[in-house]
Amino acid sequence: MAFLEKPTGGKVLLDDTVPLSAVIEASQSLHSHTISALSLPLPPKKLIGNMEREFIAERQKGLQSYLDVITTNHILSNCELVKKFLDPNNYSVNYTEIALQHVSMFFRSEPKWEVVEPLKDIGWRIRKKYFLMKIKNQPKERLMLNWADLGPDKFLSDKELQCAVKLLSACSHPYIYKVTFATANESSALVIRPFNEKGTLKDLIYKAKPKEPFLKKYCNPKKIQGLELQQIKTFGRQILEVLKFLHEKGFPYGHLHSANVMLDGDTCKLLDLENALLGLPSFYRSYFSQFRKINTLESIDVHCFGHLLYEMTYGRPPDSIPVDSFPPAPSLSVVSVLESILSCDAMKNGMPTASRLLQMPLFSDVLLTNSEKPQFKIPTKLREALKIAKECIEKRLTEEQKLIHQHRRLTRAQSHHGSEEEKKRRKILARKKSKRSTFESGEEHSAKYSNSNNSGSGASSPLTSPSSPTPPSTAGASSIPPPPPLPPPAAPPPPPNTDVPIQPDPRPAVSTSRGALLSSIQRFQKGTLKKTETCDHSAPRIS
């Protein structure tokens, strides 16, 4: 079976740059050993052992801190071992074996190539593998083959992808590293380039050997030292020139970092133009996905250039993005460019263009001696397909940035809502609201009672009835509101029973009580009152 006939396995296209995190929730004792659902070794225990709850909690806390350091480190968090540990369901596939299968099928159709040795883990990508190769009739010449699986941003059709990948070998530019051979199928791609013993720009900065594993070369360098000012100016100008060229051609890139810049003498040459075609996520995606102003591939290239310029200047990547303040640099013009890309204002206002950066003092006076004429002809139909694919890539980024923004706002609101200061503030407001409500309720009740006493026939005091006495006035109690209009005449009720004394009801009268009171007032006759005899004992006695 030929390489291009390999069928797709119905796989899920994952974005390997999405950061993973883990929280240790519990621990347990198993066969006299304490574990916390982790394969990492615990700190050494005492000889007699210590299974106290406090001891386990302390060790769990220390292990959580260690895990947090790993997941927040940009290089370690993208390591295959870390991914497999944190997400074994999605990272259980052996991609080295898959790459060997594809490469073996390729050699069946192209017998002139021969593998010298695998270059194990020299790159950071989990789904991209490298091999050192040679041509059988040119045994001394060394080439490097890289195989890559397709990524989540692959929006070209299979036919368009094959056409675009094969076009790479016809590209000629003084600052693009030459492609010897390239091909693709519906599930992966294979590219062959000359092998450079000097390595990449990142190898120069970190003083590393190209064949060593990525983690060993760049994760913890022994010496941190930036490049000289003239190197920064020259390399920066060359990289910006090729970015401007790709932007004008409408060719998507978005994968600039120092390990994707090959050094050929004093000339920087761009690598891995096929990455965007294959839909692979960018090395710095976890950074620029946090900022909604970086939403085009052109702005991504400029943002990535800011990372690269910082690394060339200071010999290490920035600790965090955005950068609040920059350390002393070989020239103020370097800091000026960095501020226009990596500062807080730049993240809020957007990235400058590559053309704008070329006009800045740091690069405007650099003379380029290479006179090679660029050649990169893209067919009109493919150019349109690349434009659509570029728009789809940018749309997925915008949607991801929107979700991140919403999640950040929700997390910030939850954190604020659960803070001790906010809890105290809510308690104080609740007490004030309760007091104010009680005070307003008392005032309202007093006003209603006063209006009830002053309404009616206009007399100075309300009339009373023996059969329906008025409730006594009490401070703070609810008074009777003004009576509604009289209802239509009804049959007269039976005379009240005066034999049974009626106890006054302390509660406010309802509408029926008010009606009865008014009826009783209307039926009152003075002649029905009994005469009373009074004994006046107020006169003085003379004995």
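1. Arg285 and Glu400 are both buried, where buried means under 20% relative accessible area, exposed means over 50%, and partly exposed lies in between, for a 1.4 Å probe and protein chains only. The two side chains meet in a salt bridge of 2.8 Å from N to O, a term that stands for a side-chain nitrogen of Lys or Arg within 4 Å of a carboxyl oxygen of Asp or Glu. Arg285 belongs to helix 10 (residues 285-288) and Glu400 to helix 16 (residues 380-417), so the pair ties together parts that are 115 residues apart in sequence. Helices here are DSSP runs of H or I with at least four residues, while strands are runs of E with at least two, and both are numbered from the N terminus.

2. Please keep in mind that this is a predicted model, in which local features need pLDDT of at least 70 and side-chain atom pairs count only at pLDDT 80 or more, whereas totals for chains, interfaces and linings use all residues. Residues are numbered from 1 along each chain as its sequence is written, and side-chain values use heavy atoms, with hydrogens and water left out.

3. Lys269 pairs with Asp264 in a salt bridge whose closest N and O atoms are 3.2 Å apart. Lys269 counts as buried at 17% relative accessibility, whereas Asp264, with a relative accessible area of 39%, is partly exposed.

4. Another salt bridge joins Arg316 to Asp319, with the closest N and O atoms 3.3 Å apart. Arg316 is partly exposed at 24% relative accessibility, while Asp319 is exposed at 69%.

5. Salt bridges also link Lys128, Arg193, Asp272 and Glu274 in a network, and the count of salt bridges comes to 19.
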